[in-house]
Amino acid sequence: MLKKQTLILIMGSLLLSLKATQVLYGQTKIAKTDLEIFKIEEAQKIKKLIAAVEKNPDDMKAHEDYINAMNIYTPEFENRYALWIKRFPKSAIVPFELGKTYEEHTDPRCTENLRKALKLNPNLAEAWQYLSYYATFVGDKSIAIEYMQRATQADPQNAAIAFKYAFLFKNGDQAKYDSLLVDVAHRFPDSEKGIEALWYLANISFNKNEKTAYYEAVYRMYSKQQSSWFRSVMADYYDYLLNTTPDKAFDLALRMVLEIKINRGYWKKRLNVARGFVEADKLLEKNKPDEAADMLKHVNLGNSKVNGTMIDAEETLALFKAKAADASNKTRDAYDSLAVYYSKQPTDRIYQTIRTYASKLHIDSAKIDTDIWNIRNKQAWDAGNFTLENFADHKPVSLSDYRGRIVLLTYWFPSCGPCRDEFLHFEAILKKYNTENIAYVAINVSSQEDDYVLPLVKKMGYTFVPLRNDQNKKTGNLPDAAHTGAPTNFLIDGRGRVIFSDFKITDENVHT
């Protein structure tokens with residue numbers, strides 16, 4: 001028999017368990033009640049948003065508030081707009097807001113609704129603009145230009161539309177592209193688009209005086225505004241000067257420290273870097289290479305390209321350090337350091353300097369190439385294997401299928417502008433090589449845009465093998481395609497090893 005004390009303990013435990021169950025049950029009931037209250041509040045909120053649209057169907061903000069609160073792919077949403085289009089037949093804004101929303105989700109239903117809006121109001125510039133966006137997305141560039149031109153005619157004082165019209169001629173009619181950008185900068189001197197236009201002009205200019213003139217125009221016209229675009233362009237200008245004329249980079253950084261109120265610490269850091277370059281150069285001129293090398297060790301370019309805090313002068317710094325080593329009779333160290341750098345960033349500037357040091361060391365071109373390949377060989381890593389579906393024929397494609405061939409693998413998605421700009425460069429480059437030895441493969445990282453892959457590939461004449469990403473499968477040892485930014489590229493050798501990774505091709509670095 002159980003002792004009395006033991007029975008008391010058991011009964012106490014049962015009572016505590018019962019109370020805990022009651023509390024838990026009570027909480028569950030409260031949670032259900034909270035959910036019901038939440039649903040009621042959401043319904044009331046939607047009701048108010050609907051009332052706001054119906055009070056003034058031409059109120060764009062009222063539409064946007066309603067759309068942001070809804071799932072656009074529900075019968076409730078679609079039926080609501082079908083009702084409003086019937087109820088407010090003279091409002092161009094109702095079909096416009098629906099068409100705009102669909103365009104932002106790359107839904108082809110955008111076109112019929114935007115055209116409805118333009119039938120009611122042919123001067124609705126934004127409707128022409130969104131039609132142009134969709135035409136660009138599906139690869140109808142000539143139609144996109146025509147629509148954006150209509151937008152500029154409907155709203156000639158809109159700087160953003162004027163800039164976007166100019167931008168459609170990029171990678172096409174270069175003379176018109178330049179002319180229209182100059183026109184944007186001239187007509188809209190107080191607009192951020194004016195800064196952006198001058199920045200693009202500076203970037204595409206190969207003439208140093210012309211490039212400097214565009215950057216200086218940005219400083220002259222916009223330094224009082226001190227906007228984020230102005231600061232970004234000045235940082236770009238500083239990087240250009242640091243890589244060409246460090247003393248002028250120092251002058252610009254000093255101007256920014258003295259005259260710009262926002263984020264002076266950012267520019268003080270750049271001032272110190274430019275000072276390091278200038279003083280190291282002077283020490284080399286005075287034949288003090290060891291002192292120059294010591295100074296260059298303390299130059300800190302930052303470590304994050306993502307948030308813009310890193311100064312883009314790695315190549316110049318590498319060349320400076322090699323120059324100091326060579327001046328200290330350490331030519332082999334200079335050669336080796338640049339060979340390592342070139343193995344990852346193969347630029348003409350670095351290669352020509354390597355050849356200079358190689359000549360001093362009696363190293364010929366074949367040995368240079370061997371040395372560089374040996375470095376790449378040591379740094380290479382296994383891509384691993386994976387299998388994904390080919391959009392074209394729905395058959396499985398494995399990375400291992402391409403063993404023995406070089407693989408250019410890219411992560412992309414149809415509405416990615418930089419991806420599509422990059423494709424133009426890749427296609428041009430691949431025409432120069434025997435593509436029997438090269439496999440060009442592209443994984444669409446946005447499953448929401450799967451339906452647009454094949455139409456776009458056919459329309460634009462892309463030659464890559466289009467693969468459908470499967471979020472349930474790993475892409476070997478490569479980064480997860482679904483959660484990696486695009487464009488991201490990998491160059492894989494015939495043994496399935498990654499030789500170059502995480503690079504992007506732009507107008508500025510296409511030769512590299």
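## Aromatic pairs and their surroundings

Tryptophan 84 has 0% relative accessibility and therefore counts as buried. Tyrosine 66, also at 0% relative accessibility, counts as buried too. The model discussed here is predicted.

How many aromatic pairs are there by the rule used? The count comes to 32 aromatic pairs. In the pair of tyrosine 66 and tryptophan 84, the ring centres are 5.2 Å apart and the planes stand at 65°, so this pair is edge-to-face. Tyrosine 66 belongs to helix H2 (residues 60–69) and tryptophan 84 to helix H3 (residues 75–87), so the pair ties together parts that are 18 residues apart in sequence. Another aromatic pair, formed by tyrosine 462 and phenylalanine 464, is stacked, with 5.5 Å from centre to centre and 20° between the planes. Both tyrosine 462 and phenylalanine 464 are buried.

One aromatic cluster is made up of Phe163, Phe167, Tyr177, Trp199, Tyr200 and Trp229. In two further places an arginine lies over the face of a tyrosine ring, as the table lists.

| Arginine | Tyrosine | Distance from the ring centre |
|---|---|---|
| Arginine 255 | Tyrosine 219 | 4.5 Å |
| Arginine 270 | Tyrosine 266 | 3.9 Å |

## Helix H11

Helix H11 covers residues 208–222. At 1.5 Å a residue, its 15 residues should span 21 Å, and the C-alpha atoms at its ends are 21 Å apart, so the two values agree. At the start of H11, a side-chain oxygen of asparagine 207 comes to within 2.9 Å of the backbone nitrogen of asparagine 209.

Which residues of H11 are buried? They are Lys211, Tyr214, Tyr215, Ala217, Val218, Tyr219 and Tyr222. Residues three or four places apart in an α-helix point the same way, because there are 3.6 residues a turn.

## Serine 191

Serine 191 is placed in the loop between H9 and H10. Its relative accessibility is 18%, so serine 191 counts as buried. A polar atom of the serine 191 side chain lies 3.0 Å from the backbone nitrogen of lysine 193. Serine 191 and alanine 160 are 31 residues apart in sequence, while their C-alpha atoms are 8.7 Å apart in space.

## Glutamate 389

Glutamate 389 is part of strand E2 (residues 387–390). With 27% relative accessibility, glutamate 389 counts as partly exposed. Apart from neighbours within four places in sequence, its contacts are His394, Lys395, Pro466, Leu467 and Arg468. With histidine 394 there is a polar contact between side chains, at 2.8 Å. Glutamine 157 is 232 residues from glutamate 389 in sequence and 48 Å from it in space, C-alpha to C-alpha.

## Confidence of the model

The protein has a mean pLDDT of 91, and 93% of its residues reach 70 or more. Residues 1–30 have a pLDDT below 50, and this stretch has 2 contacts in the model beyond near neighbours in sequence.

Key
Residues numbered from 1 in each chain as written. Predicted model: local features only at pLDDT ≥ 70, side-chain atom pairs only at ≥ 80, totals over all residues. Heavy atoms only, no water. Phe/Tyr/Trp six-rings, centres within 6.5 Å; stacked < 30°, edge-to-face > 60°. Helix = DSSP H or I, 4+ residues; strand = E, 2+ residues; numbered from the N terminus. Buried < 20%, exposed > 50% of the residue type's maximum accessible area, 1.4 Å probe, protein only. Lys NZ or Arg CZ within 6 Å of the ring centre and 35° of its normal. Expected span 1.5 Å × (residues − 1). Polar contact = N/O pair within 3.5 Å; in protein donor to acceptor, adjacent residues only side chain to side chain. pLDDT = per-residue confidence, 0-100. Contact = heavy atoms within 4.5 Å.
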